[in-house]
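Take a look at the model below. We will walk through it step by step, from the overall fold to single pairs of side chains.

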Amino acid sequence: MTHFRNPSRKALFTARRFRNLVAACTASAILSGCGAVNHMMYKTTGDVMQGFSRDHTVPFLMESGDLAMGCAMSEATAPLLMSFGRVTSEPDQLAVMLYLSAGGCADEQAREHELAALAALHAMNGNAAEDAMIRQKRAHALAARRYFKGWQHHNAHYGEPGNGECPDFDDDMDEFIYMAGLLSGLQSLNAQTQSTSSIGVPANIGSVVARATGCLENDKWWGAPMALRATVWAMIPGAQPKGEDAFERLEIADAQGEAAGVRLPHVFHAIAALNRGDEAMVREVIRNHAESLESAPANEDWRFVDAMATDMIVAVSDRLWVENTGHRTPLGQLGTFWDDKQEAVETMDLDDLL
């Protein structure tokens with residue numbers, strides 16, 4: 001039997017391969033086009049998010065006095081907002097604020113662990129005290145890493161600080177973020193020291209920050225730049241210039257902060273006094289802060305900064321109270337201490353009325 005080949009089968013097979021090839025090429029073009037469109041959309045979204053966060057979210061937060069909400073926001077949104085650096089320019093300015101706030105969250109945890117350790121020591125519970133101190137050091141290490149990231153992003157945006165050249169600030173928020181970056185740098189060194197471990201923070205960061213504060217207008221920023229600089233003078237041997245007195249400068253800065261309703265200089269003053277071991281001065285700063293809260297409201301534009309200062313002053317007060325009594329500062333009694341002399345109260349003898 002003779003078999004005949006169908007001449008159309010080969011042509012049909014060839015046509016089918018051609019169609020498949022065309023389909024594959026078309027799909028590839030579509031997918032690559034989708035990738036380009038997606039990248040453009042991501043970049044646009046990232047640029048919008050960066051601009052909105054800087055111009056609206058940060059100012060809105062600064063007007064709020066809710067530290068816990070600010071802490072939660074920074075920890076929750078930092079990965080999302082920072083990931084836009086993969087598709088557009090790195091959000092360095094935003095990173096300064098995010099990591100400074102997130103570092104403050106870890107610092108708050110460290111302070112809680114410290115208070116737990118002090119309370120355990122007061123109760124003669126050595127094991128609990130040791131465990132709390134270990135947790136405290138871990139929290140400080142986390143804070144140091146976060147603060148240092150903020151410092152690195154600060155330098156990426158503004159350039160290396162303290163080299164004699166000041167950046168040209170676009171607006172007040174730009175200048176505020178610059179100051180926040182300096183604070184983040186100083187805090188990274190402080191947290192690294194308290195963690196008793198090395199995070200890679202340069203030891204000279206304090207002197208660099210002190211020089212860089214010269215780029216800020218002291219009167220505009222509630223005396224905080226001068227207070228920060230004076231604190232470095234007080235803490236680093238040989239850093240204080242001739243003819244200067246760090247603690248006189250801190251007192252002047254205190255008055256500026258109180259008048260402005262942003263009492264951040266009180267925090268620097270307390271830190272410097274603690275470093276010197278002058279408990280009487282620490283108590284005086286705490287009392288002045290408490291009295292100022294009664295007499296002067298917080299600046300409406302910077303409630304968050306003022307609330308942060310009060311939170312840190314309360315933390316210093318709590319440490320003193322726990323060390324000496326086993327419990328924190330009683331509610332509503334900031335500015336008072338366990339050994340304050342009670343004012344004599346006139347009493348009436350009721351025996352004659354009976």
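The protein chain has 11 helices and zero strands. Here helices (H or I, at least four residues) and strands (E, at least two) are DSSP runs, numbered from the N terminus. Read along the sequence, the pattern is α-α-α-α-α-α-α-α-α-α-α.

A word on the source. This is a predicted model, in which local features need pLDDT of at least 70 and side-chain atom pairs count only at pLDDT 80 or more, while totals for chains, interfaces and linings use all residues. Residues are numbered from 1 along each chain as its sequence is written, and side-chain values use heavy atoms, with hydrogens and water left out.

Now the chain as a whole. It has 354 residues, and 42% of them are buried. Buried means under 20% relative accessible area, exposed means over 50%, and partly exposed lies in between (1.4 Å probe, protein chains only). The accessible surface comes to about 19,900 Å². Carbon and sulfur atoms hold 56% of that surface. These areas come from the Shrake-Rupley method with a 1.4 Å probe; for residues, only the protein chains shown count as cover.

Next, contacts (heavy atoms within 4.5 Å). Residues 24 or more positions apart account for 69% of them.

What lies inside? In soluble globular proteins, nonpolar side chains tend to be buried together. Which residues does Val305 contact, leaving aside its neighbours within four places in sequence? They are Met62, Phe176, Trp222, Val262 and Leu264.

Aromatic rings come next. Rings of Phe, Tyr and Trp (its six-membered ring) pair if their centres lie within 6.5 Å; planes under 30 degrees apart count as stacked, over 60 as edge-to-face and the rest as tilted. By this rule the count comes to 11 aromatic pairs. Why is the pair of Phe176 and Trp221 called tilted? The ring centres of Phe176 and Trp221 are 5.9 Å apart and their planes meet at 40°, so the pair is tilted. It links distant parts of the chain: Phe176 is in helix α5, and Trp221 is in the loop between α6 (205-212) and α7 (224-235), 45 residues apart. Phe176 and Trp221 are buried.

Trp321 and Trp338 form an edge-to-face pair, 5.5 Å centre to centre with 75° between the planes. Trp321 is in helix α11 (residues 303-325), while Trp338 is in the segment after α11, 17 residues apart. Trp321 is buried, at 5% relative accessibility. Trp338 is partly exposed, at 27%. Ring pairs also link Phe176, Trp221, Trp222 and Trp302 into a cluster.

The charged end of Arg276 sits over the ring of Phe247, 4.1 Å from its centre. Arg283 lies over the face of Trp338, at 4.7 Å from the ring centre.

Side chains of opposite charge can pair when their charged atoms come close. A salt bridge is a side-chain nitrogen of Lys or Arg within 4 Å of a carboxyl oxygen of Asp or Glu. How many does the structure hold? It holds 15 salt bridges.

One of them joins Arg146 and Glu75, with the closest N and O atoms 2.8 Å apart. Arg146 is in helix α4 (residues 126-158) and Glu75 is in helix α2 (residues 67-83), 71 residues apart. Arg146 is buried, at 19% relative accessible area. Glu75 is partly exposed, at 33%.

Another joins Arg328 and Glu112, with the closest N and O atoms 2.8 Å apart. Arg328 is in the segment after α11, and Glu112 is in helix α3 (residues 92-122), 216 residues apart. Arg328 is partly exposed, at 37%. Glu112 is partly exposed, at 32%.

Glu217 and Lys220 also form a salt bridge, at 3.9 Å between the closest N and O atoms. A network of salt bridges links Asp172, Glu175, Glu217 and Lys220.

How values were computed
Lys NZ or Arg CZ within 6 Å of the ring centre and 35° of its normal.
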